[in-house]
Amino acid sequence: MSRYLLNKFLYTVDRDPELVERYRNDSRGTVEWWEANVANTLLNCTSGESSTWLTFDDAEREALASHDHPRLFELGAHPFLTLTLFIAMFERDHEGLGFQKLYAEQLAHFSLPYPDIAT
């Protein structure tokens, strides 16, 4: 399990409008593509620099593919990263702050201490 890789996925997808739409419309395919093509790149470095060992485990892959933000939080994804990405994807489907309220309701069962989100 890699909280770093979960957060890297959320961070990089959120910053690319085309990836946001791709993830919204084909989440499973986007996760698969991203893991194969982006996961091991080093951010903010020259191209060609990469690692080779980063992969999602099955639970992470499924939580990302199913847009399961409560499960992502349990796995250590930073809630701000899931919130900003999921707002970009799903706010249009709700009125006003409807999505933000739904997001909060779906995380309401968590109590202190919250899952560790340190990377």
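This is a predicted model: local features need pLDDT of at least 70, side-chain atom pairs count only at pLDDT 80 or more; totals for chains, interfaces and linings use all residues.
Leaving out neighbours within four places in sequence, Ser27 is in contact with Arg22, Leu64, Ala65 and His67, where contact means heavy atoms within 4.5 Å. Residues are numbered from 1 along each chain as its sequence is written, and side-chain values use heavy atoms, with hydrogens and water left out. Here is a friendly tour, from the whole chain down to single residues.

**The chain as a whole**

- The chain holds 7 helices and 0 strands; helices (H or I, at least four residues) and strands (E, at least two) are DSSP runs, numbered from the N terminus.
- Along the principal axes, the C-alpha atoms fill a box of roughly 45 × 35 × 25 Å.
- Of the contacts with a separation of 6 or more, 64% are between residues 24 or more positions apart.

**Surface and charge**

- Buried residues account for 39% of the 119 residues; buried means under 20% relative accessible area, exposed over 50%, and partly exposed in between (1.4 Å probe, protein chains only).

**Aromatic rings**

- The structure has 9 aromatic pairs; rings of Phe, Tyr and Trp (its six-membered ring) pair if their centres lie within 6.5 Å, and planes under 30 degrees apart count as stacked, over 60 as edge-to-face and the rest as tilted.
- Phe9 and Phe56 make an edge-to-face pair, with 6.1 Å from centre to centre and 80 degrees between the planes.
- Phe9 sits in helix 1 (residues 3–14) and Phe56 in the loop between helix 3 and helix 4 (58–65), so their pair ties together parts that are 47 residues apart in sequence.
- Both partners are buried: Phe9 has 0% relative accessibility, and Phe56 has 2%.
- Phe9, Tyr23, Trp34 and Phe56 are linked into a cluster by ring pairs.

- Ser27 belongs to helix 3 (residues 27–37) and is buried, at a relative accessible area of 12%.
- Between the C-alpha atoms of Ser27 and Phe73, 46 residues apart along the chain, there are 18 Å.
- Ala36 is also found in helix 3, but Ala36 is exposed, with a relative accessible area of 66%.
- Val38 lies in the loop between helix 3 and helix 4 and is buried, at 16% relative accessible area.
- Beyond its neighbours within four places in sequence, Val38 is in contact with Lys8 and Trp33.
- The C-alpha atoms of Val38 and Thr12, 26 residues apart along the chain, are 8.9 Å from each other.

**His67 and His69**

- His67, in the loop between helix 4 and helix 5, has a positive phi of about 55 degrees although it is not a glycine.
- For background, most residues other than glycine have a negative phi.
- His67 counts as buried at 17% relative accessibility.
- His69 is in helix 5 (residues 69–74) and counts as buried at 3% relative accessibility.
- Setting aside neighbours within four places in sequence, His69 is in contact with Thr82, Phe86, Tyr103, Gln106 and Leu107.

**Phe99 in helix 7**

- Phe99 lies in helix 7 (residues 98–107) and is buried, with a relative accessible area of 5%.
- Not counting residues up to four places away in sequence, Phe99 touches Phe86, Ile87, Phe90, Glu91 and His94.
- Phe99 and Ile87 are 12 residues apart in sequence, and their C-alpha atoms are 7.0 Å apart in space.
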